[in-house]
Amino acid sequence: AAALLLLADINIQQGNPAAAKTYCQQLVGKTSYLLAFTCMLNAEFTLNTSTATYEKLLSLEGFAEKAHAEEVSDSERLWYYETLAAMAYTLNKPEAALLHLKKIDAQRLPVSALLLWSDAKLKLSKPQDVIERFTAIQAASNRTSNSTGKNIDDGLLLRWAKAERQISLHDTEIQKQLADRMALRTWREDVSHAAQVASYFLDIDYKPAIALKFARLNWQAAQ
């Protein structure tokens, strides 16, 4: 089952959602009903971004909430709600995306879900929520690791800076930290952070030629 999920994900990344759906179909009987159909509908949504596919996945929510632990694990539920939230956000439904993410324990949100949460908040022009949450995350990290908080994920730091810009804050400590990090990533031509570099040079420090270069690097790496 794990291999089939991996093959499905690889094919989605490579732009072959029809092949991905075929691998997802092979999960039926090998995994939970929820996992197999989330995989299939995720591939279908990649192939044809539509409200109908989102609503099909949404119709499984009752099963996700009522299924026993032996039928659906916590990690499967988390993936279901994160996939549902990603579809809602893609369909320009940020409020719905946030409602789906609220079904996940806030302490268990992976970075990918936090990025989605912050994007939805920024789309709804609620930057203060992002600033407050990321400040709390950084403070908690400092308490547990005795670090200076400088190990926060690039994507989170980028959204934090975007939130500050939405309320007309400039040259803050967060934005300086992000600028230093992006300068280093650019100099290294850091492929593993190319998506964040591209976004930074579109939304924070507008240099479209650099943004395009790193967008291409990111696409090549994903392929």
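1. The model discussed here is predicted. Tyr33 has a relative accessibility of 43% and therefore counts as partly exposed, since partly exposed residues fall between the limits of 20% for buried and 50% for exposed. Phe63, at 29% relative accessibility, is likewise partly exposed.

2. A search of the whole structure gives 6 aromatic pairs. One of them joins Tyr33 to Phe63 in an edge-to-face arrangement, with 5.3 Å from centre to centre and 70 degrees between the planes. Tyr33 belongs to helix 3 (residues 33–47) and Phe63 to helix 5 (residues 61–66), so this pair ties together parts that lie 30 residues apart in sequence. Ring pairs also bring in Phe37, which forms a cluster with Tyr33 and Phe63.

3. How is the pair of Phe134 and Trp160 arranged? The ring centres are 6.3 Å apart and the planes stand at 70 degrees, so the pair is edge-to-face. Here too, distant parts of the chain are linked: Phe134 is in helix 9 (residues 127–145) and Trp160 in helix 10 (residues 154–166), 26 residues apart. Phe134 and Trp160 are both buried.

4. Two charged side chains deserve mention alongside the ring pairs. Lys123 is placed over the face of Tyr89, 4.6 Å from the ring centre. The ring of Trp117 has the charged end of Arg133 over it, at 4.6 Å from the centre of that ring.

5. The packing of two helices may be considered next. The axes of helix 1 (residues 2–13) and helix 2 (residues 17–25) come within 7 Å of each other and cross at roughly 170 degrees. Angles over 145 degrees count as roughly antiparallel, and helix 1 and helix 2 are therefore roughly antiparallel to each other. On the side of helix 1, the contact is made by Leu4, Leu7, Ala8, Asn11 and Ile12; on the side of helix 2, it is made by Pro17, Ala19, Ala20, Tyr23 and Cys24. Sorted by class, this contact of helix 1 with helix 2 comprises 9 nonpolar residues, 1 polar residue and no charged residues.

6. Is Thr53 buried or exposed? Its relative accessible area is 3%, so Thr53 is buried. This residue is found in helix 4 (residues 51–58). When neighbours within four places in sequence are left aside, Thr53 is in contact with Leu41, Glu44, Phe45, Asn48 and Met87.

Terms used: Residues numbered from 1 in each chain as written. Predicted model: local features only at pLDDT ≥ 70, side-chain atom pairs only at ≥ 80, totals over all residues. Heavy atoms only, no water. Phe/Tyr/Trp six-rings, centres within 6.5 Å; stacked < 30°, edge-to-face > 60°. Helix = DSSP H or I, 4+ residues; strand = E, 2+ residues; numbered from the N terminus. Buried < 20%, exposed > 50% of the residue type's maximum accessible area, 1.4 Å probe, protein only. Lys NZ or Arg CZ within 6 Å of the ring centre and 35° of its normal. Axes fitted to C-alpha atoms, helices over the stretch in contact; angles between N-to-C directions. Parallel < 35°, antiparallel > 145°, perpendicular 65-115°, else oblique. Contact = heavy atoms within 4.5 Å. Nonpolar A, V, L, I, M, F, W, Y, C, P; charged D, E, K, R; others polar.
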